[in-house]
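Dear colleague,

Please read them with the coordinates open beside you.

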Amino acid sequence: MRRSLILFYAIGVFCVALCLSSCAGNRSAAGASEQKHFFWKVSDENSSVWVLGSIHLADSTLYPLAPVIDSAFARSDELAVELNMNDEEVVKEIGKESVSQGMLEDRLLRDILPPEMWKSLDSLCAAWDIPMVVFEKMRPWLVATTLSAYAFEQAGLNPEYGIDYVLLDRAASDGKAIVGLETAEEQIGALADTTESDSAGVYYLKTTLREIADFETLVGNLIHAWKTGDDDLLRSLLNKDDEEDESDESLSSDQKFKDGFEQRVYVNRNAKMAESIATFLREDRNVFVVVGVAHLALEKDNVIDALRKRGFKIERF
């Protein structure tokens, strides 16, 4: 079993959405909110915090948000997000860290990738009309995240419709304080493979190239899962069976990369998010928290379970 990396970028790592910040496009369909949502109220004896699971890149069919979400947001004093993309310094730092941790100095991408993977990347770039020169100085992990951004664009998803972006704009208009739960360095660092071998990055790219073939279907199911609050569907999309045609040796060699990705991008960050929410409650702050839905809904080590174990009252709406 492995994580679907390409979907995790859309619902687990906010900074990837920046790759599409200049792109337009949406799907024109009105979406009605369902009764069940990835939306929780976390309370202690005298205060509460609202927690909403986000899709960082989405389309217009997610709106309007359900009345229970809009009402809770309107009553909140602060908005907490993974990264405050309204802060120009944060955006600059993402660019700086992406270059620092994502670009090759004395090698080319072709020198790192296995020949078959290079051919797959070349074929995809030709199909999408992307010059290969775009990637020649990128580390494999950054190629993987950039390809994911292109895939979202091809599927009609856009960060402008991401839950985080929409609520950041509303918070700015309403004069709400905005809190960043992470730094750009922390989030880029969770994704980056800057080792000499780039082995983890090659694994990320291999997995991303494999998943792109089914991306349109994956995106449609992801949007449906979010609208309906379908935990089982969301988990089935993110937890993919390993390819049957891979050897046991290949699967074993990838295991350390899977485990490392899981620990850095999911487990470690979830623990920090849970601690931030606990701090808001201790300080009796009226905060509306938005983080990628993967951090809230996966089967273990998620933020909601961590808060439940701390003794907070958890209600889902």
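**Pairing in the sheet**

Val-42 has Ile-314 as its bridge partner in strand E8, and E2 and E8 pair in the antiparallel sense over four bridges, where pairing requires that DSSP finds at least two bridges between two strands. Strands here are DSSP runs (E, at least two residues), numbered from the N terminus.

The model is predicted, so local features need pLDDT of at least 70 and side-chain atom pairs count only at pLDDT 80 or more, while totals for chains, interfaces and linings use all residues. Residues are numbered from 1 along each chain as its sequence is written, and side-chain values use heavy atoms, with hydrogens and water left out.

On its other pairing, E2 (residues 39-43) runs antiparallel to strand E3 (residues 48-54), to which five bridges join it; Phe-39 stands opposite Leu-52 in E3, and a hairpin of four residues connects E2 to E3. Four of the five residues of E2 are buried, that is, under 20% relative accessible area with a 1.4 Å probe and protein chains only.

Taken as a whole, the sheet is open and mixed, with six strands in the order E5-E4-E7-E3-E2-E8. Strand E5 (177-180) and strand E8 (313-316) stand at the edges with a single partner strand each, so one side of each has no neighbour in the sheet.

Elsewhere in the sheet, strand E4 (residues 78-81) pairs with strand E7 (residues 287-292) in the parallel sense over four bridges, and Glu-78 has Val-287 as its bridge partner in E7.

With best regards

Notes:
Buried < 20%, exposed > 50% of the residue type's maximum accessible area, 1.4 Å probe, protein only.
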